[in-house]
Amino acid sequence: MTFLHPMLAIAGLAAVAVPVIIHLLFRQRRRPVVWAAMRFLLEAYQKQRKKLRVQQWLLLACRCLVIALLALAVGRPALQRAGVLGGVGGRDVYVIIDDSLSSALRDGPSGETSLQRHARQASGLLRALGPGDRAGLVTLSRPASGVVVPASGDPAAVRRLIEELTPTDAAADLPAAVELLAARLKAERADTARPTVVAVFSDFTEGSADLARPLPPGLTDLPNVSVVASRPLETSPGNVQVSGLEPLRSVILTGRAD
C-alpha cells in the first residue's frame, strides 16, 4: 500500500502507543488503605475481575484502532492503484491509436515517427495501471480494428502489441473506431459498471481525422466512461515530397512508344 503523505501516516501510527502508555500508567499499583467495608468490595471485585479485564483490553484495542484508522486516512492511501479494492473496483483503459499512413510522419528534432511517439505515450499510460486494471487496444487505420477487445487483464501484453505496431498504407477512420468500441461497451454495461477510460492517440492532421465530421455520441452516452485525447499537431509538416514509388503489384507496359 502506498500513501500520498507517508510521513503523516507514520506519525499517526506512532501515536497508537499513547493509549497503551496511558493504560500502563493507570495500572501502577498503589498502597491499599484498609477500612471496614473493604472486605465486601474485594469479594465483589474478585467476581467481576475477569469480566473487567476483558472489557479493559477491548477498550484499549478500540482506542488504538481509532487512532490507526485516523493515521491511515490522513496519509491518504492509494488503495485503488495498489489493488487493495480488488479486481471488481479496477478500471478498463482502451487505447485508440493512429497507425494510418499519416502516422509515418517523422518529427524534426527527435526523428521518431508519429506512431512511435504515440506508442511511447500509450505504453507509459499502461505502465501506470494497477493489478485490478485491464487494457484494450483499437487501431485507427481503415478498417478500424479491435485488436484487444474486450479489455485484457494483462496490460503488459497489450503494451507489447502497441510497441510492435507499424504504419499502414490506409487512411484513419476515427468514427468507425469509436462506433466499434461503443458497441462493445454497451454490451458490457449489462454485466458490469467498471469505470472505463478511452485514450485516443493521434495528431488529428488532415487525412488522419475528419474534423468536419462529428464523432458518434456512443461513448459519451455511456455511464462511467471518460474520453481523453492527445494534443493535436500544432504545426503542419513542411517540405513533404515524394522521393520514390514502389508498386505493390507488377506493372506491364505494352504498346509502341511514340
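Biologist: Where is S103 found?
Modeller: This is a predicted model, in which local features need pLDDT of at least 70 and side-chain atom pairs count only at pLDDT 80 or more, while totals for chains, interfaces and linings use all residues. Residues are numbered from 1 along each chain as its sequence is written, and side-chain values use heavy atoms, with hydrogens and water left out. Helices (H or I, at least four residues) and strands (E, at least two) are DSSP runs, numbered from the N terminus. With that numbering, S103 is found in the loop between strand 1 and helix 5.

Biologist: Is S103 buried or exposed?
Modeller: The cut-offs, for a 1.4 Å probe and protein chains only, are under 20% relative accessible area for buried and over 50% for exposed, with partly exposed in between. Because its relative accessibility is 2%, S103 counts as buried.

Biologist: What distance separates the C-alpha atoms of P167 and S103?
Modeller: P167 lies in the loop between helix 6 and helix 7 and is partly exposed, at a relative accessible area of 34%. Contact means heavy atoms within 4.5 Å, and, leaving aside neighbours within four places in sequence, the contacts of S103 are D98, T113, S114, L115 and P167. P167 and S103 are 64 residues apart along the chain, and their C-alpha atoms are separated by 6.0 Å.

Biologist: Which pattern does the chain follow along the sequence?
Modeller: The chain has 7 helices and 5 strands, and of its 258 residues, 31% count as buried. Read along the sequence, the elements follow the pattern α-α-α-α-β-α-β-β-α-α-β-β.

Biologist: How is helix 5 oriented relative to helix 6, roughly parallel or roughly antiparallel?
Modeller: Axes are lines fitted to C-alpha atoms, for helices over the stretch in contact, and angles run from 0 to 180 degrees between N-to-C directions; under 35 degrees counts as roughly parallel, over 145 as roughly antiparallel, 65 to 115 as roughly perpendicular and the rest as oblique. Helix 5 (residues 114-127) packs against helix 6 (residues 155-163) at an angle of about 175°, with the axes 9 Å apart. Helix 5 is therefore, relative to helix 6, roughly antiparallel.

Biologist: How many nonpolar, polar and charged residues does the contact of helix 5 with helix 6 have?
Modeller: Helix 5 contributes A119, A122, S123, L126 and R127, and helix 6 contributes P155, V158, R159, I162 and E163. In this classification Ala, Val, Leu, Ile, Met, Phe, Trp, Tyr, Cys and Pro count as nonpolar, Asp, Glu, Lys and Arg as charged, and the others, Gly among them, as polar. The contact has 6 nonpolar, 1 polar and 3 charged residues.

Biologist: Which residue is joined to P143 by a cis peptide bond?
Modeller: P143 is found in the loop between strand 2 (134-139) and strand 3 (145-152). The cis bond there has omega of about -5° and joins P143 to R142.

Biologist: What is the relative accessible area of L174?
Modeller: L174 lies in helix 7, and its C-alpha atom is 8.8 Å from that of R142, 32 residues apart along the chain. L174 is buried, with a relative accessible area of 8%.

Biologist: How many disulfides does the structure hold?
Modeller: A disulfide is a pair of cysteine sulfur atoms within 2.5 Å. The sulfur of C64 is 9.4 Å from the closest cysteine sulfur, in C62, and that is too far for a bond. C62 is partly exposed, at a relative accessible area of 45%, whereas C64 is buried, at 15%. The number of disulfides in the structure is 0.
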